[in-house]
Each structure stands twice: as C-alpha cells, then as structure tokens.
Amino acid sequence: MAVGDEVEAGQSLLVVEAMKMEHVISAPHAGTVTELDVTPGTTVAMDQILAAVSATGPGSRRDEVVG
C-alpha cells in the first residue's frame, strides 16, 4: 500500500506483527490512503497513527488507523 492508493472498505492496508502474531490492519471505508507512518522492520508505539484513509464522495471524512 502507498499514499495515493485507492482502497475498498475492509481492504488490507498493512500487517503488524506483535508477539509472534500477525494483525491485519484494514481500511475503515472506501477512499484514498492519505498517510502511512510505518517502515518495515521498525517498532511502532502504542496509539501511533499508522495510516489515514480519506473517504471519497460527498460528506467525505478522514479516518486514522491506530496501532
């Protein structure tokens, strides 16, 4: 996934590994990825915003995906 990519609701954005388990982070709604704040192999902080998806169309909103 990259900034600018179009995504569908529920589409996988990224995978986070924690305690030898993989957690799939999914898009909360259809829209455009506006932010990605992750680098493979790095540790993420509690409550760090990992990605943001802006909805397309009327009444659009921006949702952040927190790790």
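Mentor: Before we start, residues are numbered from 1 along each chain as its sequence is written. The model is predicted, so that local features need pLDDT of at least 70 and side-chain atom pairs count only at pLDDT 80 or more, while totals for chains, interfaces and linings use all residues, and side-chain values use heavy atoms, with hydrogens and water left out.

Trainee: What pattern does the protein chain follow along the sequence?

Mentor: The protein chain has 0 helices and 6 strands, and its pattern along the sequence reads β-β-β-β-β-β. Helices (H or I, at least four residues) and strands (E, at least two) are DSSP runs, numbered from the N terminus.

Trainee: Why is S54 called buried?

Mentor: Buried means under 20% relative accessible area, exposed means over 50%, and partly exposed lies in between, with a 1.4 Å probe and protein chains only. S54, which is found in strand β5, has a relative accessible area of 18% and is therefore buried. Buried residues make up 27% of the 67 residues in the protein chain.

Trainee: Is M1 buried, exposed or partly exposed, and what makes it so?

Mentor: M1 sits in the segment before β1 (6-7), and its relative accessible area of 41% falls in between the two cut-offs, so M1 is partly exposed. Leaving aside neighbours within four places in sequence, M1 is in contact with V7, Q11, S12, L13, V33 and L36, where contact means heavy atoms within 4.5 Å. M1 and L36 are 35 residues apart in sequence, with 8.5 Å between their C-alpha atoms.

Trainee: What makes the largest nonpolar core a core, and which residues belong to it?

Mentor: A nonpolar core is a set of buried Ala, Val, Leu, Ile, Met, Phe, Trp, Tyr and Cys residues joined through side-chain atoms within 4.5 Å. The largest one here has 10 residues in all, namely V7, L13, L14, V16, I25, A27, V33, L50, A51 and V53, and the elements that give two or more residues to this core are β2 (12-18) and β5 (49-55). In soluble globular proteins, nonpolar side chains tend to be buried together. As for V33, not counting residues up to four places away in sequence, its contacts are M1, A2, V3, G4, D5, V7, L13, A52 and V53.

Trainee: How do you know which residues line the largest pocket?

Mentor: On a 1 Å grid over the protein atoms alone, a pocket is an open set of points with protein on both sides within 12 Å along at least five of seven lines, whereas a cavity is a set of points where a 1.4 Å probe fits but cannot get out, and lining residues have an atom within 4 Å of a point. By that rule the lining consists of L14, V15, V16, E17, V38, T39, P40, G41, T42, T43 and V44. The volume of the largest pocket is about 240 Å³, a volume being the space filled by probe spheres set on the points, which are joined across faces, edges and corners.

Trainee: Where is D47, and is it buried or exposed?

Mentor: D47 is in the loop between β4 and β5, and with a relative accessible area of 58%, D47 is exposed. Phi of D47 is also near 65 degrees.
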